[in-house]
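Come along and keep the view open beside you.

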Amino acid sequence: ILTGVSGATLEKNVYVPSPTTVELTCKLDETSNLKNPQVTWKKESETIGHTSKTPNSWTIQLTISDSSKLGSYTCILKGEKEVSAVFHLQVPKIEGKEKPLITYEGDKAVMICKAEYDPKAWAWYMTNGTELVSIDKILPTEKFQIKKLSANVNRLEILKLTKQDRGIYWCEATFDLGKSKARFEVRVLSITAPLKPFVAVVAEVAILLTTIILFEIYSKMRGEGGEKEFDQIEQL
Amino acid sequence: PAPAEAGRAPGPPDGGWGWVVLFGAFVSIGFAYAFPKGLAIFFKEIQGVFGTSYSEIAWVSSIMLATTYGAGPISSILVNRYGSRPVVMFGGLLCGVGMISAAFCTSILQLYICVGFITGFGLALNLQPSVIIVGKYFLKRRPIANGLAMAGSPVMLCTLAPLNQFLFENFGWRGSFLILGAILLNCCVAGALFRPIGARTALVKTPVTEEGKDALKGKITEDGPVESKPEEEGGKDCFEKVNQYLDFSLFKHRGFLIYLIGNVLMFLGFFAPIVFLAPYAKHTGIDEYSAAFLLSILAVVDMVARPATGVIANSRWVRPRIQYFFSFAITFNGACHLLCPLASSYTGLVVYSSFFGLAFGMVCAMLFETLMDLVGAARFTSAVGLVTIAECCTILLGPPIGGILIDTFGDYKYMFIKCGAVMVLAGTFLFIMNYYNYRMLAKEEKERKTKEEGLKSVRTEDEGKKNWNKDSTQDGPELEPLREKGEEVKKEMNGT
């Protein structure tokens, strides 16, 4: 039930959450030089026939029943030049956080995993060296809390953070046709980390304030010999 | 004795230490306007951590904005009483304390209090006094000074936005709030530069004030009813007391009322386009970075437009008719919004952003200058407080109404049309009313002249004062507003 592609070499990602029928269309731009090209549809290296044909567009229909049917489908248009477009049929991706999550000792870390389609199941893992350790099944609930915010949003909370809690965490969503993973990096800082810039800025403020106050006192002493009116006003 | 003393007091320096004060005001105003906008970067993260909805987080910004504008009269009262310097320094301290405590918050409600109220109030104590003191230090070059001081806002925003991003990526939101608290303490430094100057209303008033002050002090420090005389006088003076610190007689001032109505109307459509520019761009299919770039264009044009407008407004041709220039700027702004729906491509939006930045800068640069021009430097302190609390309502209503329009119609163009229409209306209103005001002022001036010529005894002194006024202003024949200001200051002295 999906998409068309026109023009030069292109790629497109098609996400298939559950078994369904998919239509892929390759459309040729009217301004293109290719006239009446020879069209082949390929999955990886194997050739498949096309089903419908209209002037300048070629379609195939696929029934995606299991994960073996997923993959890269290419349409190749051969004339004087060869033009192709690739459709990547895959399991939906889920959204994690590319940038590291900065947290502090004693605070809590919150990781929210989002998917565009509703998966059948969610799972969380943490990396211990090179192994993936499942969180929901093994680990204690005072430390880890998993909440389901909605069918397609899942949330992991890690409470009472310590330095050992830092590392990579994985959120895994299981769809009918396969699994998808998202990555989170958690960094645990000690409270002294932001204190250094904080103290630096406060010191800068203190220095500037002292300088200004001293300058004001100095110029007041100098101006004392001047008009009385200024004095009256400045005493405010 | 009092009027004569005030008459001899030196006029605004228009330079010298004034430039230092201007720098301080630049920093202070910059923080006051830019800081709430810069916080938006942290909201998504905080939303996730506290598990709140987007609108609950948006309340933090709204409370902060509402407090900054709503606390205007309090700011005015404090400045009238203590002068700008201590108020700004206390404001800076309050901001710092607010953000530092926000770093340790564990619920959204605590954030409302720490970031919303405390920091918001601190920023209010920064904004108004800074604007006020610029008016006290500059007269001839005041439009330029105002333009430069208001330029602090886009400059600070351009600095804060990447800084906040950097802090967030390295220290998370808690660490960032802590460091931002320290950075806000720099407002104290800015405030320390605000050396007091000029005749102050509290000084000039008669001895009744002294008793009134003591009565008030007595009332505050002692909880129980204060017996005998002080109480009686305190009761009578209470209204006078408030009136002394916050000049409610401004509501009888024609120019002030015109300004108030026009501005309150204008703010209904002023901020919404900025809030919705990036979402609108994304809605038309533009990617996130290009959409953010539109705001950058706006900020850069804004940065240049403000001092430039100040210079233009200061010129011989524009200054006497500055109210017309202001009305023009508002109408221009409105016209931009009305034309925005016609811009469908990215280039169109870039053009819109540039013109919007220009118009926005023009209006902001003259926002306070025109008020000063209408009411005079002496009453400006109270005027600005009263104006900001009135604007507070429409400022808060603007973006949500725009949001409702967008949600109802599913199309951004109605929001732009609404904003454009409101601003064109406000601009036209101000234009017409100010034309009327100028005519009335000219008439009153003529009446006053004929009256004064009749009084021979004070004639020489008046001429002396008028000559002083003439000398200290530019060589333009039609500087009615400036002379009118001189008359106003005189009027106030004579009035007490």
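This is a predicted model: local features need pLDDT of at least 70, side-chain atom pairs count only at pLDDT 80 or more; totals for chains, interfaces and linings use all residues.

**A buried aspartate**

I began with A:Asp165, which is buried, at a relative accessible area of 10%. I counted A:Asp165 as buried because 10% falls under the 20% cut-off.

Where in chain A does A:Asp165 lie? I found A:Asp165 in the loop between β16 and β17 (167–175). Its side chain makes a polar contact of 2.6 Å with the side chain of A:Lys143. Setting aside neighbours within four places in sequence, I listed what A:Asp165 is in contact with: A:Lys143, A:Ile158, A:Lys160, A:Val186 and A:Val188.

**A lysine in that loop**

Buried or exposed, which is A:Lys160? A:Lys160 is exposed, with a relative accessible area of 59%. I placed A:Lys160 in the loop between β16 and β17 of chain A. Its phi is near 45°, a positive value in a residue other than glycine. I noted the background beside it: most residues other than glycine have a negative phi.

**A histidine on a strand**

I moved on to A:His88, which lies in strand β9 (residues 82–90) of chain A. Which side chain does the side chain of A:His88 join in a polar contact? The partner is A:Ser72, at 3.0 Å. Apart from neighbours within four places in sequence, A:His88 is in contact with A:Glu11, A:Lys12, A:Asn13, A:Val14, A:Gly71 and A:Ser72. I also checked A:His88 against A:Lys147: the two are 59 residues apart in sequence and 32 Å apart in space, C-alpha to C-alpha.

**The two chains, side by side**

I stepped back to take in each chain as a whole. Chain A has 3 helices and 18 strands, whereas chain B has 21 helices and 0 strands. Of the 236 residues in chain A, 37% are buried; for chain B, with 496 residues, I wrote down 55%. I then took contacts between residues at least 6 apart in sequence. In chain A, 61% of these join residues at least 24 apart, and in chain B the figure is 86%.

**Where the chains meet**

How many residues does each chain bring to the contact? Chain B brings 36 residues and chain A brings 32 residues. The area buried between them is about 2800 Å², and carbon and sulfur atoms give 66% of that. I counted 5 salt bridges across the interface of chain B and chain A. A salt bridge I looked up by name joins the side chains of A:Lys99 and B:Glu169, at 3.0 Å from N to O.

On the side of chain B that touches chain A, at least two residues come from each of α1 (2–8), α3 (40–50), α6 (84–102), α9 (152–184) and α10 (186–192). Which helix gives the most to that side? α9(B) does, with 12 residues.

**A helix under cover**

After α3(B) comes B:Gly51, with a positive phi near 65°.

**A helix with a kink**

Next I checked the length of helix α2 (residues 17–38) of chain B. At 1.5 Å a residue its 22 residues should span 32 Å, and the end C-alpha atoms are 31 Å apart, which agrees. I then found a kink of about 30° at B:Ala32, shortly before the proline B:Pro36. Why did I note α2(B) as largely enclosed by the rest of the structure? I did so because 17 of its 22 residues are buried.

**A last stop in chain B**

I finished at B:Ser327, which sits in helix α17 (residues 322–339) of chain B. B:Ser327 is buried, with a relative accessible area of 1%. Not counting residues up to four places away in sequence, B:Ser327 touches B:Gly427, B:Leu430, B:Phe431 and B:Asn434.

Methods
Residues are numbered from 1 along each chain as its sequence is written. Chains are lettered from A and ligands numbered from 1 in the order in which they are written. Side-chain values use heavy atoms; hydrogens and water are left out. Helices (H or I, at least four residues) and strands (E, at least two) are DSSP runs, numbered from the N terminus. The expected span of a helix is 1.5 Å times one less than its number of residues. The bend at a residue is the angle between axes fitted to the seven residues ending there and the seven starting there. Buried means under 20% relative accessible area, exposed over 50%, partly exposed in between (1.4 Å probe, protein chains only). Contact means heavy atoms within 4.5 Å. Buried area is the accessible area (1.4 Å probe) that two parts lose on being put together, summed over both. A salt bridge is a side-chain nitrogen of Lys or Arg within 4 Å of a carboxyl oxygen of Asp or Glu. A polar contact is a pair of N or O atoms within 3.5 Å; within protein, one must be able to donate a hydrogen and the other to accept it, and residues adjacent in sequence count only if both atoms are side-chain atoms.
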